[in-house]
Amino acid sequence: MKKTKISIMLILTIASQLILFPLVSYAANYIANDFTKSTPTNTTLNFTAQDFLNVVDPPSGNPLTAVRFTQLTNARAGTLRIGADAVALNTTIPISKMDQLNFVPVKDYQGEAIFTWTAVFGNNTSPYPGAVIITIGDGVTAPLDSATADPDASEPPSEPPSETATPEPSETPDASEEPQSSATPEPTGTPEPTETPEPTATPEPEPTLKPLKYEDMDDHWGAYSAGLLATKGYIVGEEIQDRFFFYPDKVLSRIDFVIMINSIFGVEPKDSTADNPFADQNIPSYILRYAIASYEAGIINGSDEGGILYLHPYDKITRVEATKILDNALKLEYPNTEDPEFTDNASIPEWGIQAVKNMEGYGIIRGFEDNTFRPYSNITKAQAAEMLYQTLKYVEKVRKTHSVFNFVQY
């Protein structure tokens, strides 16, 4: 009897593997990979069908038949078009017409624009979207305007500083030292044989990361950023029966946002609450440990009420509060001196205006379609993920090159 049970279990196991194999094969083959394109400022960028055919590798007999646009470029950067018509969200276009695809940048815009696409292979589609990253101009701008800058403030570098361009003061030779002669010395004997240096291995390119697929963000504008934050290991939604959910429309509390931004900047919670500066009562220790660490890192300031500091962790966070926290965390070397281009600038509180200037000038945040900022509106989880993804790109790329990039926010 036992042998019969074992045989049945073995058969079921093999059958389940046979059922799962096509799914694994499907995920491995029907892939839409990322690729990049660039265009000079004020110049239309034209695509070809081959751009998309080059980045898919479907199984034999399942060629790429169409492209579905799952996220469009930001209108402030430019417009994606088929011929002279703007591409609509979730439009599916046959691959035979992709030679008509073009991107028209906004006048004088420099920076990045991104759209995502799903590959259609007959009756099959890629489970994850691919991203197309478009660079317009040189992609490097500094929001600091020399005409309005403080004359006592130092100007930002026009080019990324080289690590070897200028020696440190300690490396500068003393004036009393005799300079070495640049003349070639006469040979004094048989020269020592020189060793042939080992060839330097070419580093392999980093694998392209695909965003985690959230069940509740199939057609959501923030799916790419939220999914990529999860793939990079920063912010992951809820897993239910091997499926992931993000709840993009959830309105965030102050502590929700603090925990999310701590993850981006690697701020670990404190081991204890011994150094708690906040007067709030009945706050769980795990919340306090995250908040204390963020406070000591200079990311949050708390609410000073008559000389007593409060955290108010469960209050819904506003857009201006989130912007101020982002500004505190980034600690920008060159503050922006230009006023934001929002029509409701007058409603931004004085304590938050410089943070809004900085985050808008550096491309971390943007306003709504009516060009308002709405400082006291609450933010959703999807909006926060978009802000944090832009922040992450700044942290990962800009600080490595000491440059200032104007990144696009959807």
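The legends below describe close-up views of a predicted model.

**View 1. The chain as a whole, as context for the close-ups.** The predicted chain contains eight helices and 14 strands. Of its 410 residues, 38% count as buried. Among contacts between residues at least 6 apart in sequence, 72% join residues at least 24 apart.

**View 2. Helix α4 and its covered residues.** Helix α4 is mostly covered, with eight of its eleven residues buried. The buried residues of α4 are Arg254, Ile255, Phe257, Val258, Met260, Ile261, Asn262 and Ile264. An α-helix has 3.6 residues a turn, so residues three or four places apart point the same way. The helix α4 is followed by Gly266, which has a positive phi near 65 degrees.

**View 3. The packing of α4 against α6.** The axes of α4 and α6 lie 11 Å apart and pack at an angle of about 25 degrees, and the two helices are therefore roughly parallel to each other. In passing α6, helix α4 makes a right-handed crossing. On the α4 side the residues that meet the partner helix are Arg254, Phe257 and Ile261, and on the α6 side they are Glu321, Ala322, Ile325, Leu326 and Ala329. Arg254, Phe257 and Ile261 are among the buried residues of α4.

**View 4. The packing of α4 against α5.** Here the axes are 10 Å apart and the angle is about 60 degrees, and α4 and α5 are therefore oblique to each other. The crossing of α4 and α5 is left-handed. Helix α4 contributes Ile255, Val258, Ile259 and Asn262 to the contact, while α5 contributes Ile287, Tyr290, Ala291 and Ser294.

**View 5. The aromatic pair of Phe278 and Tyr295.** A pair of aromatic rings is described by the distance of the centres and the angle of the planes. The model holds eleven aromatic pairs, and one of them joins Phe278 and Tyr295 in an edge-to-face arrangement, with 5.6 Å from centre to centre and 70 degrees between the planes. Phe278 belongs to the loop between α4 (254–264) and α5 (285–296), whereas Tyr295 belongs to helix α5, so the pair ties together parts that are 17 residues apart in sequence. The two partners are covered as follows: Phe278 is buried, with a relative accessible area of 5%, and Tyr295 is partly exposed, with a relative accessible area of 32%.

**View 6. An aromatic cluster, and charged ends over rings.** One aromatic cluster is formed by Phe35, Phe47, Phe52, Phe69, Phe115 and Trp117. Elsewhere in the model, the charged end of Arg319 sits over the ring of Phe373, at 4.8 Å from the ring centre. The charged end of Lys381 likewise sits over a ring, that of Phe246, and lies 4.4 Å from its centre.

**View 7. The crossing of α6 and α7.** The axes of α6 and α7 come within 8 Å and cross at roughly 70 degrees, which makes α6 roughly perpendicular to α7. The crossing in which α6 passes α7 is left-handed. The contact involves Val320, Glu321, Thr323, Lys324, Leu326, Asp327 and Leu330 of α6, together with Trp351, Gly352, Ala355, Val356, Asn358 and Met359 of α7. Glu321 and Leu326 of α6 also take part in the meeting with α4.

**View 8. Pro340 in the loop between α6 and α7.** Pro340 is placed in the loop that runs between α6 (319–330) and α7 (350–361), and it is buried, with a relative accessible area of 6%. Leaving aside its neighbours within four places in sequence, Pro340 is in contact with Asn345, Val356, Lys357 and Glu360. For one of these, Lys357, the C-alpha to C-alpha distance from Pro340 is 5.4 Å, although the two residues are 17 residues apart in sequence. Val356, another of these partners, also belongs to the contact of α7 with α6.

**View 9. Thr118 in strand β8.** Thr118 lies in strand β8, which spans residues 111–121. Thr118 is buried, with a relative accessible area of 10%. Not counting residues up to four places away in sequence, Thr118 touches Ala66, Val67, Arg68, Thr70, Thr125, Ser126 and Pro129.

Technical notes: Residues are numbered from 1 along each chain as its sequence is written. This is a predicted model: local features need pLDDT of at least 70, side-chain atom pairs count only at pLDDT 80 or more; totals for chains, interfaces and linings use all residues. Side-chain values use heavy atoms; hydrogens and water are left out. Rings of Phe, Tyr and Trp (its six-membered ring) pair if their centres lie within 6.5 Å; planes under 30 degrees apart count as stacked, over 60 as edge-to-face and the rest as tilted. Helices (H or I, at least four residues) and strands (E, at least two) are DSSP runs, numbered from the N terminus. Buried means under 20% relative accessible area, exposed over 50%, partly exposed in between (1.4 Å probe, protein chains only). A charge sits over a ring if NZ of Lys or CZ of Arg is within 6 Å of the ring centre and within 35 degrees of the ring normal. Contact means heavy atoms within 4.5 Å. Axes are lines fitted to C-alpha atoms, for helices over the stretch in contact, and angles run from 0 to 180 degrees between N-to-C directions. Angles under 35 degrees count as roughly parallel, over 145 as roughly antiparallel, 65 to 115 as roughly perpendicular and the rest as oblique. A crossing is left-handed if the near helix is turned anticlockwise from the far one by less than a right angle, and right-handed if clockwise.
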